[in-house]
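Student: I am new to this structure. Could you go through the terms used for it, one at a time?

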Amino acid sequence: MTSADILTARLPSPLQEVTDDRFARHGVRLLLKRDDLIHPELIGNKWRKLVPNIEAAAGRPLLTFGGAYSNHLRATAAAGRLLGFPTVGVVRGEELAGRPLNPSLARCTADGMRLHFVDRPAYRRKAEPDVLAGLLRAAGAEGAYVVPEGGSNAAAVRGCRALGAELRGRAGVVAIACGTGGTLAGLAAGLGAGQRALGVPVLRGGFLEAEIRRLQEEAFGGRRGQWSLDERFHFGGYGRTTPELDAFAADFEDRHGVRVERLYVAKLLYGLVELAREGALERGTDVVAVLTA
Ligand SMILES: *Cc1c(COP(=O)(O)O)cnc(C)c1O
C-alpha cells in the first residue's frame with residue numbers, strides 16, 4: 001500500500017449543496033466542499049499537501065516548522081504515527097521550551113513528534129541555508145526531509161491540483177481561506193476553463209499575492225488558472241476574531257449543521273456572505289466554499 005492508501009478516508013471529498021437565503025436571494029447557489037471529511041486525523045487540506053511530501057521523503061525523518069497552534073504540525077505528527085516515520089517539529093518561540101505544552105503541541109508529542117523550540121529571530125531566518133543547517137544539527141535531524149512552514153512547497157502545491165480537478169465543471173467560483181496560499185495555488189491550477197478561485201487570506205499583510213505567484217512558478221513554471229484574493233476578511237490577523245465573527249460562525253453552524261472551524265473557515269464563510277450581500281457574485285453563479293477543516 002502507498003502512503004496515500006493508508007491515509008485515505010474519503011476522496012474525492014463530498015460536495016454538498018446548502019440552502020441559505022443570504023445567497024439564494026441574490027440568485028447564487030452555495031455548495032460546501034467537505035475536505036474536512038477527507039481524514040479523521042489529518043486536518044483537511046493538510047492531507048492534500050502532506051501526502052506528496054511523505055512520498056518524496058521515502059521514510060526519512062520529516063522535519064517541519066510551525067507556531068504553537070499549527071494545524072500543519074499536528075497533521076505531520078499524526079501522519080508520522082500512522083505511517084511510522086519519525087517527525088521533528090521546529091516551533092516558533094524559545095520561551096515555550098520547558099513550559100507545559102498547550103493541547104496542540106501535546107498532541108504532537110503524543111503522536112511521537114520531537115519538538116525543537118527556537119527563538120523568533122532564528123525562526124524568521126529558517127529558510128536561509130546556513131540557519132537551516134544549524135537548526136537541523138541542533139535538532140539532531142541531519143538528513144531529514146525538510147518541509148517548509150505550513151507545508152507549502154512545489155510538491156504540496158501540485159498535490160492540491162486534485163482539489164481543483166474534483167470540482168471541474170461544478171461551479172463558477174471556488175472560494176478558500178488562505179494561510180500560506182499553497183492550497184489556492186494548486187486549486188486554481190486544477191480548475192477547468194471558465195472557473196475561478198477566490199482566496200480569503202486570514203493573515204494580515206497583503207504579501208500573499210506575490211507568494212502565490214512564486215509558488216505557482218516553482219510548482220508549474222508560471223501562473224496557472226484564474227485566481228484572485230479578497231484581503232478584507234482577516235479580522236485583525238491569524239488567530240484573531242471578533243464577537244461578530246464568533247456569532248456569525250455559531251449561526252452558520254446552527255443553520256447548516258456543520259462545524260465551522262474558527263481560524264480559517266469562519267473568515268471564508270463570512271467573506272462569502274458579505275460578497276453576496278454586496279452583489280459581487282453574479283446571479284446564476286454556483287459558489288463552492290472549501291471547508292478545509
Ligand atoms: C492550513 C489551513 C489553511 C490554509 O492553507 P494554505 O495552503 O496554507 O493557504 C486553510 N484552512 C485550514 C483549516 C488550514 O488548517
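Tutor: What follows covers the domains and the interface between them.
This is a predicted model, in which local features need pLDDT of at least 70, side-chain atom pairs count only at pLDDT 80 or more, and totals for chains, interfaces and linings use all residues. Residues are numbered from 1 along each chain as its sequence is written, and side-chain values use heavy atoms, with hydrogens and water left out.

Student: How do you know which residues belong to domain 1 and which to domain 2?
Tutor: Domain bounds come from an automatic or database domain assignment. Domain 1 is 3–41 + 152–290, and domain 2 is 61–143. Their C-alpha centres lie 27 Å apart. Eight residues from domain 1 and seven residues from domain 2 make the contact, where contact means heavy atoms within 4.5 Å.

Student: What makes the pair glutamate 41 and arginine 81 a salt bridge?
Tutor: A salt bridge is a side-chain nitrogen of Lys or Arg within 4 Å of a carboxyl oxygen of Asp or Glu. The closest N and O atoms of glutamate 41 and arginine 81 are 2.3 Å apart, so the pair meets the rule. Across the interface of domain 1 and domain 2, the rule finds one salt bridge.

Student: What is meant by the area that domain 1 and domain 2 bury between them?
Tutor: Buried area is the accessible area (1.4 Å probe) that two parts lose on being put together, summed over both. For domain 1 and domain 2 this is about 560 Å², 63% of it on carbon and sulfur atoms.
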